[in-house]
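Q: Could we go through this structure together? I am new to it and would like to begin with the ligand.

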Amino acid sequence: MPPRFQAVNIDCNFDYTFETAKLAAAGIDLVLRKSTTEDEIIQACADADAVILEGAKTPMTARVIAALPKCRIIAKYAVGVDNIDLPAATAAGIVVANAADYCTEEVSDHAVALIMASARKVMSMDRFVRRGEWAGFTKANPLRRVSQLTLGLVGLGRIARATARKMAGFQMRILAADPYVKGPSVDGVIEIVPLERLLQESDLISIHVPLMPETRGMIGTAAFKLMKPTAVVINTSRGPVVEQEALITALREKRIGGAALDVVAEEPLPASSPLRDFDSVILTPHTGADSIDSMAHVRRTVVESVSAGLAGYWPPFPVNAKVTPRADLKPFAEYPR
Ligand code: NAD
């Protein structure tokens with residue numbers, strides 16, 4: 001009998017019949033927990049060979065990671081892993097796996113929806129009509145031809161590239177700033193420029209960077225000062241990438257034209273947030289990734305990451321690929337599926 005492994009899902013939110021059956025077939029017992037504090041996670045994971053999590057706030061801190069004696073892999077139902085202490089996991093020899101491509105289509109669709117709703121002022125027009133008004137909106141709120149506008153992508157990874165591919169049909173000029181992407185252009189459509197230039201020249205600024213120490217607050221007072229007074233900031237990445245107080249000040253002082261936010265600094269958005277009061281702000285509740293299809297995709301990826309990881313293979317999307325794993329791993333391409 002091959003050894004049985006234990007995987008612990010520490011922040012269960014839905015029904016795990018699919019995961020339980022698939023992992024059992026791979027010799028892995030799935031334990032379901034709802035652990036929110038460090039101590040609860042440490043207690044739940046004492047015997048875990050794999051830890052699974054979903055929440056953006058679940059504290060996978062250095063202290064928790066140091067208390068995982070058997071764990072070989074941490075797998076997350078997400079792209080962003082900013083709540084996992086990656087250096088601590090790497091030092092401990094634990095592979096961290098995300099589901100890098102599960103919602104590329106959904107988030108880029110959402111970014112396109114927010115970009116177009118901002119460019120055509122759809123939400124304000126909707127409110128205008130509902131207030132019983134009809135004429136005069138576009139005089140008070142002049143519109144520009146979309147093909148005359150410049151789109152700036154901050155970060156040029158999977159989601160930003162998919163957004164550019166979709167927006168290219170609108171024939172806008174597309175700029176991108178990403179220190180890890182070499183210019184002068186990508187796919188013959190995206191012009192690589194320094195962030196400062198992107199902020200100065202873009203009409204619509206769509207943010208697609210991961211939340212890391214160097215991106216936290218990167219769109220702050222100095223960035224807003226460089227933007228056009230009509231510029232709209234679209235954020236589908238992580239709330240803290242934008243300094244929220246600086247954004248509110250820029251909106252209040254009309255230093256920018258508006259914002260469209262799927263993510264905010266504190267989620268859910270507090271009832272008292274001034275962001276709710278601006279007609280120029282579009283808000284969605286961190287649903288950029290959502291669809292029935294992306295949900296099925298992420299569940300398959302997490303099962304595959306854990307099964308491969310415990311069978312002695314790299315997962316499909318290791319985040320800390322430079323880690324020296326606790327057990328030798330073969331390439332994912334060799335994993336028999
Ligand atoms: P990705 O890893 O493919 O791309 C991120 C890009 O950001 C990379 O190209 C990287 O080089 C670049 N980058 C890193 N630091 C930078 C910096 N200082 N300046 C400019 N660029 C920088 O990730 P992705 O799949 O495109 O996702 C991007 C982010 O979107 C994720 O990290 C996640 O936080 C967020 N996200 C949000 C949702 C949602 O529901 N709204 C869903 C999935 C992902």
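Predicted model: local features only at pLDDT ≥ 70, side-chain atom pairs only at ≥ 80, totals over all residues.

Q: Thanks. Which residues come nearest to the ligand?
A: Arg158, Ile159, Asp178, Thr236 and Asp262 come nearest, out of 25 residues around the ligand. A residue is near a molecule or strand if one of its heavy atoms lies within 4 Å of it.

Q: And what is the make-up of that shell by class?
A: The shell has 13 nonpolar, eight polar and four charged residues. In this scheme Ala, Val, Leu, Ile, Met, Phe, Trp, Tyr, Cys and Pro count as nonpolar, Asp, Glu, Lys and Arg as charged, and the others, Gly among them, as polar.

Q: How much of the ligand does the protein cover?
A: On its own the ligand has 870 Å² of accessible area, and the protein covers 86% of that. Accessible areas come from the Shrake-Rupley method with a 1.4 Å probe; for residues, only the protein chains shown count as cover.

Q: Let us look at Asp178. Where is it, and is it buried or exposed?
A: Asp178 is in the loop between strand 7 (173-177) and strand 8 (185-186). Helices (H or I, at least four residues) and strands (E, at least two) are DSSP runs, numbered from the N terminus. Asp178 counts as buried because its relative accessibility is 15%; buried means under 20% relative accessible area, exposed over 50%, and partly exposed in between (1.4 Å probe, protein chains only).

Q: What does its side chain reach?
A: The side chain of Asp178 reaches the backbone nitrogen of Leu156 at 2.8 Å and the backbone nitrogen of Tyr180 at 2.9 Å. A polar contact is a pair of N or O atoms within 3.5 Å; within protein, one must be able to donate a hydrogen and the other to accept it, and residues adjacent in sequence count only if both atoms are side-chain atoms. Leaving aside neighbours within four places in sequence, Asp178 is in contact (heavy atoms within 4.5 Å) with Gly155, Leu156 and Gly157.

Q: What about Asp203?
A: Asp203 lies in the loop between helix 9 (195-201) and strand 10 (204-207). Asp203 is buried because its relative accessible area is 8%. A polar atom of the Asp203 side chain lies 2.7 Å from the backbone nitrogen of Thr150.

Q: Changing topic: in what order do the strands of the open sheet run?
A: Eight strands form the open sheet, in the order 8-9-7-6-10-11-12-13, with mixed pairing. Strand 8 and strand 13 (281-283) stand at the edges; each has a single partner strand, so one side of each is left without a neighbour in the sheet. Two strands pair if DSSP finds at least two bridges between them.

Q: How many bridges join strand 6 to strand 7?
A: Five bridges join strand 6 (residues 150-154) to strand 7, and the two run parallel. Gly152 has Leu175 in strand 7 as its bridge partner.

Q: And how is strand 1 placed?
A: Strand 1 (residues 5-9) is mostly covered, with four of its five residues buried. Five bridges join strand 1 to strand 2 (residues 28-32), and these run parallel. The bridge partner of Val8 in strand 2 is Val31.

Q: Last topic: where are the cis peptide bonds?
A: A cis peptide bond joins Gly183 and Pro184, with omega about 10°, and Pro184 lies in the loop between strand 7 and strand 8. The peptide bond from Glu267 to Pro268 is cis as well, with omega near -5°.

Q: What is the phi of Lys254?
A: Phi of Lys254 is near 55°, a positive value in a residue other than glycine. Lys254 counts as exposed, at 66% relative accessibility.

Conventions: Residues numbered from 1 in each chain as written. Heavy atoms only, no water.
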